[in-house]
Amino acid sequence: MGLLDHRQRIADLVSAPPSQVPEEASYMEDVLADAQRVDLFATLARGEDWLMWAATQPEFRRLFDPSAPSTDCTRALAFWFSEHYVMDEDLNSVAFRVLRDAGWRLGPTLWWAIGQSLHRMAGPRPDWLGRWLVLLMQNAPEGGSDWLEYALLASRWPQDRSVALLLFDHLTEPQVRAASFFGPLGGPRFDVRLRGSHHELRDAWQQVFVPNLAEAAASVLAIVDRHLRRAFQLLSVAGSASPRWDPISLRRFAIASESEEERYSEAADVLIDAARDCVEALLGAGDALAVSYVSGWADSEAPILRRLALHGWRCRTDIDNTAKIAWLRERGWLFEPQLRFEVFRLIQSALPGSEAWVADALVADALTGPDEAEDEEQRAYQQYNVLAWIKRHAPDLESGWRAFEHIQARYPQFAERERPDQLLRVEVGFVQPRPPMSVQALHERIHADPAEALATLLAYENARQFSGGPTWDDALTLLKNTIREHPADGFAVLDDASGSDHLGIISGVISGWSGASVQAEMAEAILERLMGLDLAAMADPLSRLLADGGQADAGPTEWHLFATARRLAAALWPAVDATPPDTQVTEWLQRAINHPAGRLAQFWMHAISADWRMAGDQWTGIPSGIRAQLEVLLSADDPRSALVEVVFASQVRFFSGADRRWCEAHVLPLLDWANTTRARRTWDGYLIWGRWTDQLLSAGLLDYYQAAAEHLDELREDLRRELASHLATVALFSQLELLPWMRQYTARTEVTQRVEWLEHITWLLADLPADGVERQWRRWMQSYWQDRLNSIPRPLATDEASAIAGWAVYLTDSIDEGVTLATMRPAGLRMRSSTLRQVTADRIDHAPAQFAKLVAHLLRGTQPPFYGCDSLAGIVAQLRGEAAPEHIRTIIEEALRLGCRNAAQW
């Protein structure tokens, strides 16, 4: 029996109550255990009788076993149960009774199906489904929260008030997870995650609760207070948090909502946002409950709760500014690192309107400084930032600006930052630079006194990333930006920065010049100055300058045009470090283009390109002087030359065009697999950046391609795919006679590589015009395919037959021949096949009978999972009346087998 016959028999049987005839009962029991026929049962069976019968069957009972793995049968039955019983108001109680008899347990397959059915339901969620949400929460599998999140997002206020609060409570419950890296002392580290996704919870908070805070705030505040305290307790017991170290607080930049766009969303952020929003709403309404929570948070050991307390005090309207500053002083939090942002925000809002006595007292606290500091300068810098903030927001406070001037005089290298409130900021994501001053300010200092400007920058040489102020990297970035905008400043800085003690400064000047756009006279002066540097110490920034010149906005000056730059490149090569890498290199091209040796190789190619462009039709090949330099780079026989080989091999087509004879003597042989160690490197570069020409193929590259295919184990997986892509373009676009080579390639490679090659050809055919495909068909495709069917040079494997069958789709005049060949061997649609999507209406109109035959043949060899039901439905609709009925019947039969439930109605 075919599936259509089975469908008819099942339809007849389920149209009545379950049969007591042994043969029919046995047949239906077999149906539930059959992966193909169970879909037909799920499509056709309805009513209480059939549910109660199914509940007695072993395959159905697996739905209520939390340890049972998912199968095709259980998935079909789970969606049948959820869609036609759980979601049916009249049969919902029957479904609940089945669940009760199963012990109130939901296996993961049924949990997923019910959750999806709830999500797909159109319109408001009725009350009678609430109990199913409770059961989903109780039976949620590990990591299973998606459908509960969607249910929360679909909740309406106030109709779903209780359900929304229950879901929010469940999904925001903190859970401790072992982190993927160790703590600072080498011990295990733990982190907190919430049950739900923080992205979905954030959306639910904004959409469901924020518009209804007047009613929701008190209830939500009880939830988030409990969860935040619980999170801190869990981390503390696990040894991953303390009153001075709280990862939740450290990852949260600011409590205030106006800073949310500056930060990366973390797991606990939705709890912090909810606590903040609820307190603000209650304080705005004058509710004493908010003050109670804020007071309790201030006494907590958890830093994040103390920060929430500071935010709450800033938002209070029942006390004046003097009381707020007095409270801050009593708490002694002025220099508490984890509270820094909220402390400064409280000062910003309250200090301008506070009484003089409390403002002066705050300045005195600032002058006292923190209880703990690594050294006196670090203590002074913390005091400086507090006083700068006080001066900024209370400019008329005499004690404030006098104290600031006093500490500025003691430490003239200190400079005000735009955000001194960010003394300590630890975030996931990009950390904004904190330059010690503006570019213009440093330019003026260099102009006035280069030595003093240099001393100012060097003051940050030992500044650490989390020390609070600008770091050494920030200082060097400032120098680079200043030199880029004011190139002449570089000479003054270098005059005062000679010697090995100032390598960072010298490198910064070179980086600045690299990004500067300068005229010829200035460029020559810069290059002459660079010639006098310690080339070995400066090989990295100098090679960057030379290689990047003229290639992008970041390096606008075309240094390779200058003879002095070429002299510099020649002088720099012997100074490049030839030490082998510490670790095994897996990505040679990436290493090469980021190493001084590889950059010098790129510089000389830029020089050749520029000379070639200027010579135009008068070009006769690479000039002898440059050829000599290229050969020096290739002849070192050390790690430097190894990287040069990678770069040159990746540009073999460029060299062939620039100087064919020199290329075939020095560059093309780099791809020869006779030297396996070298070929592993050079093919990394060539397969990523390289391009072929017929001239190169004839000169030996085709043989090297064949050898590469025979050394697949030497290549990374992504390079194997690139090799298949290269060879597909050779097959379709080379004008050489390639059939002999293709036979050799087929004979010497494994089936997986051949399939990859055939699939790449199929993808390329999609971009060719119809006449181009026909031309390739006549040129080689038909002959190659026929040979393979005749086992020349080896039998056609099923996976190969499946891959090559896609070629027939693109044929027009030769479609009959192509389909004939495609149907001579078993074949199917591979997982990533686009064949059905390419069976377009225009192609079907051209040859409906042939496409029906082809699709039917491919479906017979296709195995689930199958995702082409929608495409098939359209194909069948267009084929009806135009193609042989037996082919259409086969397509529908196979579609049913592959899981297209509605195929019988196509």
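Student: Where is the place of Leu 328?

Tutor: Leu 328 sits in helix H18, which covers residues 321–331. Bear in mind that this is a predicted model.

Student: Why is Leu 328 called buried?

Tutor: Its relative accessible area is 2%. Buried means under 20%, so Leu 328 gets that label with its 2%.

Student: And which residues is Leu 328 in contact with, leaving aside neighbours within four places in sequence?

Tutor: That would be Leu 310, Trp 333, Val 343, Leu 346 and Ile 347. In contrast, take Trp 53, which is 275 residues from Leu 328 along the chain: their C-alpha atoms are separated by 71 Å.

Student: Then why is Ser 791 called partly exposed?

Tutor: Ser 791 comes out at 34% relative accessible area. Under 20% is buried and over 50% is exposed, so 34% falls in between and Ser 791 is partly exposed.

Student: What is phi for Asp 637 and for Ser 791?

Tutor: Asp 637 has a positive phi of about 55° although it isn't a glycine. Ser 791 is also not a glycine, and its phi is positive, near 65°. Most residues other than glycine have a negative phi. Ser 791 lies in the loop between H42 and H43.

Student: How do you know which peptide bond at Pro 793 is cis?

Tutor: Look at omega: from Ile 792 to Pro 793 it is near 0°. Pro 793 is found in the loop between helix H42 (770–789) and helix H43 (798–805). A cis bond also joins Pro 864 and Pro 865, with omega about 0°, and Pro 865 belongs to the loop between H47 and H48. Most peptide bonds are trans.

Student: Moving on to H48, which of its residues are buried?

Tutor: In H48, residues 869–879, the buried ones are Cys 869, Leu 872, Ile 875, Val 876 and Leu 879.

Student: What puts them on the same side of H48?

Tutor: The arc they cover around the axis is only 120°, which is why they end up on the same side of H48. Asp 870 and Ala 877, on the other side, are exposed. The buried residues pack against helix H45 (835–838), helix H46 (841–846), helix H47 (848–860) and helix H49 (885–897). After H48 comes Gly 881, with a positive phi near 85°.

Student: What do the buried residues of H7 pack against?

Tutor: Helix H4 (48–54), helix H5 (58–61), helix H6 (72–86) and helix H9 (130–138). The buried residues of H7 (92–101) include Val 94, Phe 96 and Leu 99. Just after H7, Gly 103 has a positive phi of about 85°.

Student: Zooming out, how does the chain's radius of gyration compare with that of a compact globule of 906 residues?

Tutor: Such a globule would be near 29 Å, but the chain has 37 Å. The C-alpha atoms fill a box of roughly 100 × 85 × 45 Å along the principal axes. Of the 906 residues, 52% count as buried, and the chain has 49 helices and two strands.

Technical notes: Residues are numbered from 1 along each chain as its sequence is written. This is a predicted model: local features need pLDDT of at least 70, side-chain atom pairs count only at pLDDT 80 or more; totals for chains, interfaces and linings use all residues. Side-chain values use heavy atoms; hydrogens and water are left out. Buried means under 20% relative accessible area, exposed over 50%, partly exposed in between (1.4 Å probe, protein chains only). Helices (H or I, at least four residues) and strands (E, at least two) are DSSP runs, numbered from the N terminus. The arc is that of the directions from the helix axis to the C-beta atoms. Contact means heavy atoms within 4.5 Å. The radius of gyration is taken over C-alpha atoms; the globule rule is 2.2 Å times the number of residues to the power 0.38.
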